[in-house]
Amino acid sequence: MRYWLQRIALAVLLLLSVSILTFGAMNVLGDPLFNILGPVAGDVSNPDSVRLIELAKKEYNLDKPLPVRYGIWLSEFVRGDMGVQFSTDGQPPVTDLIKERIPRSIMLLVMAQLMATLIAIPWALAAASRAERPVDRISTATTFLLVALPNFALAIILKYILGIKLQWLPLTFRAQDPFDSRVWQMVMPALTIALPAAAIYQRLLRTDLITTLQEDFILMARSKGVSRRRVLFRHALRPSLFSFITVVGLNTGALIGGSIVVETVFRIPGLGSSLVEAVLREDFPVVLAIVMIVATAFVMINLLVDVIYSIIDPRVRR
Amino acid sequence: MGIPRRSMRRRPGIVLSAALVSIGLIAGACSSDEKKSVTDETAAAEVSTAPDETSAPDESSAPVETDAPETLPTDAVVETIAVEENSDPVPGGTLRYGLEADVDGINPTTSALSAPGLMMANAVFDTIAAVDTEGNAVPYLAESITPSDDFLHWTVTLRPGIKFHDGTDLTSAAVAKAFETQLNDPLVGLAVKPFYPATGAITVIDDLSVMFNLLEPNAAFPHALTGQLGYVPSPTWVDAALANPALNQTPVGTGPFKYDSRSQDSVTKFVRNDDWWNGEVYLDAVEFYPVTDPDTRLELLLNGELDAMQTTDQASIPELRDDDSIQNVFNDTGEESFVMINSAVAPFDDIRVRQALTFATPRQNYIDLIGLGEGRPADQPYTPESKYYNPDVTQEADDPDAAIALVAEYCAELPEFCTDGKVNMEFQFSGPAVVQTRIAEILDEGWSVAFNVTFDELAQDEHIQQTALGQYNVNTWRQFGADDPMADNVWQMCRTVGGISLNWPKYCSPERDELLLAAQASTDPAERADLYKQVVQNLHDAYTYVFLTHTIWANSFTENVHAICDRFSPEGVQLKCTGNGRTWFDFVWMDS
C-alpha cells in the first residue's frame, strides 16, 4: 500500500510542478491584458481605456498577486472549470473547446498506436526470422531513417507521395464530415505518427524475437517438425511481447508530443493544434488546460505501467 | 462582459508573422480591411496593418541575388473574371474557401474585421452601399443615399421588406443601433469618432430613414457605407451579443447565407438563405477554412481540397497564374508596402534623420529580393494608373552618400543620439519569421552606412501594440489603397494622433488635413485629383514613409466555380466582385 501511496503522491507532485511552471511562465512571459484588450491595454493616458483595463483586471483576477491567481485557477481547475479564453471575442469556454477537440486527438492517437503495432509486429517477425541477412539489414536501415526523420518532414513526404502524387489519401481533415470520412482522413496523419513509432517497436521486438528464437524450446519445436511460420507466431512471438507491450504504453506519452506537430501540419482541430494556436495567441487558460491534460495523461499512463509492472513482477514494489 | 476584444487572431508560423495585424477599425469615413492589408477602397474601414512582409515570400523560395529579375513589372497587375453570359446556374454544392487566418469574432459592430473577417461577413451581412465596377458607391441595402446641400448630412433610406435571418425587420433603428455600437466600441470607435460630432451623429427620421451627421462635409461619404461600417446586423442580435460576447461568433444579418456553425481556427460554415432579398442563392453552403501557411493553402487549392482561396504571397502568384485550371482575380492597386518612421520620437523627430533613412534605404534590393519581380515598385499610395497619382513624386532611396552627409550634420549637432558618427536607431518587426529577418538584414545593409541599427523582433501582437502606441522608431507596414482616397484619411490626419494613434507615424500636418478635408468635400473630380496629388507631395515631404512595392492580392478559384463576378445591385448595376482580398458569394454557383 505504501508503494502505491508513494507513486500517487509523486504523480500529484509532478502535476503540481508542471502547473506551477506553466502558470508562472505564461504569466511572466506575456501580457494577458493585451490579449484581452488589444492596444487599449497600453493606452493608460485615456480614462476610458483605464476604466476598461481595471474592469478586465478584475474580471480575469489580474489585479491579484500571482500566487493568489494560481490558487484560484487551481481550485477552479480541479473542479472542472478551466476558465474562459483570453483572446476571445466571446469564444466558447475552455472546457467547451477541450470537449470538442479531445476526441479527435484520442482518435488520432488510437489509430496511430494501432497502426504502429500492426506494422511493427509483422515487420519484426520478418526481420528476426532473417536476422543479419540483407532483408534484416535493409529493415534496420529503414528503422533508423524513420526514427531520425522529424515528424513534420515525414508528414510532408507522405502528403506529397500519398496525397498529391498518388492521390490515395486526403490531404486534410474536415471536422464536419461524417465519421467514416473522418476516419479515412485521419489515416495519413496517424501513419505519420505511427511509422517512427513502428520503427522503435520493430527494433525492440526484433531483438527480443532473435533472443527467443535461440531458446531451447524453439529448437525443440523445430526439431519436432513445427513449421517455421508456426514457430514464429505460436512459440516465439508471445514470450517476446513483454517488453514490446511495456514500450507501447510508455511511448504513448511521446506520441502525444508528436501529435501536436502532426495535427498542425494536417490541420486537425485537436488538442495539439489548439495548443499551438493558443501559445501563439498567448491564450493562457487554453495553454494551461491542454498542458495539464497532456501532463495528466502522461503521468497516468506511466502510473498504469508501474501498476502493471508491479503486478507482473512483485519485486518492483520492494 | 463589457470588455472589448482584441482585433485579430494571430497567424502562426512564418507566414503568419508576415501577417497582419491590426486593430481593424471602422472609420466613419474611412475604410480598411484586412488583417494583412488594409483598405478596401470602398469602405469603411478597419485598420489593418501589417508588416509588409506579409506579401513577401517564404525564405525558402527567396532567390539569391543573381536570380533578381532584370526588368520589373511596370503595368498594373489587374486580372479579373468576366461576367458569365448565358450561364445556366446549378443549385447546390458547398464552396470551400481558404482564408489566410481566422478572426476573433464576426460582429461588425465590435470585432476588428480583417480580410478573412470581411470575407466571412460578406456571406452573412449586406452593406448599405456597394461599389460598382466603375468605383462608384451605389445604394445596396439602401434605396437611396442623399446628401444635404453642404454634404454635412446624409440621409439613408432603406429598401422596405428586408428581413434579418432571425426574422427581425431591417429598419432605420437597426442601422442606428449598429452605428452607435460601433461608435461606442473602444477600439472600433477609434476610427469612427474622429469624423462625427460627440452627440447626434445619427438621427432616426422614420422607420426606413436615418441621417448621418458628419463633422465636416464629405461628398464621398457613401463609400464609408460599403465596408464594415456599412454592414447592418440584426439589432436583436447586437443587443444579445453585447450581453453575451459568445454570440459574436454567431452572426445574424440579411446576407445571402445564414450562420450554421463555427469551430475556432478550423471551419466556419454558412448555409443558404432561401429568403434572400436580392435574388436566388445557388450554393447550399460556404465553408471558410483558415489555412495560415500560404504554401499549404495553394497546395489545397491545386489539389481540389479547396475551391477558392485568398493570398498576398508573391511566391504563389506565378503558380496560380500558370495553372490553367485556376481562375484568378489579381489586383495590385490596393495597399502598399513601406517602411514607416515614427516622427514623434528622437532622433526621427528631426526631418534630416528621416531623410537620411530614406536615402539609405536599399529599395532596389528589396524590390529584387523580396518582391521577386512580381510586385511593382511603389512611389506613393497610388499606382500610376490612378487619377490621384502624382507623377512628380518619386520615392528617393539608394543614395547612401546623401544619407551620410545628413547624418554627419545631425550628429554634429546632437551627438547624444549618435555613436561613431552614425545615428542610433531601432528597427522593429514581428517574428519569429525567417522572411522578416531577411527583410531586416536587407534593409540594414543599406541603412548601416549612416545608422547603427538595433533589431527589435517582437511577437506580432506586441509589435502592433507598440506601433499603435508610438513605441517604435522604424518598422515595415502595409496600408492605403482604398477605393476612394477619402477612406485613407484616418491614417493621415492630426485628429488620429493620440494615445492609440491610427496616424501611426504620429505626424500632424494641418496643411495635409486641410487638403484632405477639401478633397472629401469636393464633387469636382479634377479638383479632387489635384488635391490628392498635393496630399501625395505632402506625404512625401514629411519623410515618414519609404514606399517599397504595391501589394498584389489574389483571389483564386477552381474552374468549377462560376459567376464569381456576377454581382449586381437590385437596380442591375454590376458591382465590384473583389477588393483587397475580399470576394462575395451572392450568385456564385458550382458545377460538379
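Trainee: What makes α1(A) and α4(A) oblique to each other?

Mentor: Happy to start there, with a reminder that this is a predicted model, in which local features need pLDDT of at least 70, side-chain atom pairs count only at pLDDT 80 or more, and totals for chains, interfaces and linings use all residues. Residues are numbered from 1 along each chain as its sequence is written, while chains are lettered from A and ligands numbered from 1 in the order in which they are written. Now, helix α1 (residues 2-29) of chain A packs against helix α4 (residues 66-78) of chain A at an angle of about 125°. Angles under 35 degrees count as roughly parallel, over 145 as roughly antiparallel, 65 to 115 as roughly perpendicular and the rest as oblique. The two helices α1(A) and α4(A) are therefore oblique.

Trainee: Which residues of α1(A) and α4(A) make the contact?

Mentor: A:Ser19, A:Ile20, A:Phe23 and A:Asn27 come from α1(A), and A:Leu66, A:Tyr70, A:Trp73 and A:Leu74 from α4(A). Being in contact takes C-beta atoms, placed from the backbone, within 7 Å. By class, 6 of these residues are nonpolar, 2 polar and none charged. Here Ala, Val, Leu, Ile, Met, Phe, Trp, Tyr, Cys and Pro count as nonpolar, Asp, Glu, Lys and Arg as charged, and the others, Gly among them, as polar.

Trainee: Why is α10(A) called roughly antiparallel to α11(A)?

Mentor: The axes of helix α10 (residues 216-223) of chain A and helix α11 (residues 228-265) of chain A come within 10 Å and cross at roughly 150°. That angle makes the pair α10(A) and α11(A) roughly antiparallel. Their contact brings A:Phe217, A:Ile218, A:Ala221 and A:Arg222 in α10(A) to A:Val231, A:His235 and A:Ala236 in α11(A). It has 5 nonpolar, 1 polar and 1 charged residues.

Trainee: How many residues of chain B count as buried, as a percentage?

Mentor: Of its 592 residues, 61% do. The test for buried is 20 or more other C-beta atoms within 10 Å of a residue's own, with exposed meaning 12 or fewer and partly exposed in between; C-beta atoms are placed from the backbone.

Trainee: Where in chain B does pLDDT stay under 50?

Mentor: Over residues 1-72 of chain B.

Terms used:
pLDDT is the predictor's confidence in each residue, from 0 to 100. Two residues are in contact if their C-beta atoms, placed from the backbone, lie within 7 Å. Axes are lines fitted to C-alpha atoms, for helices over the stretch in contact, and angles run from 0 to 180 degrees between N-to-C directions. Helices (H or I, at least four residues) and strands (E, at least two) are DSSP runs, numbered from the N terminus.
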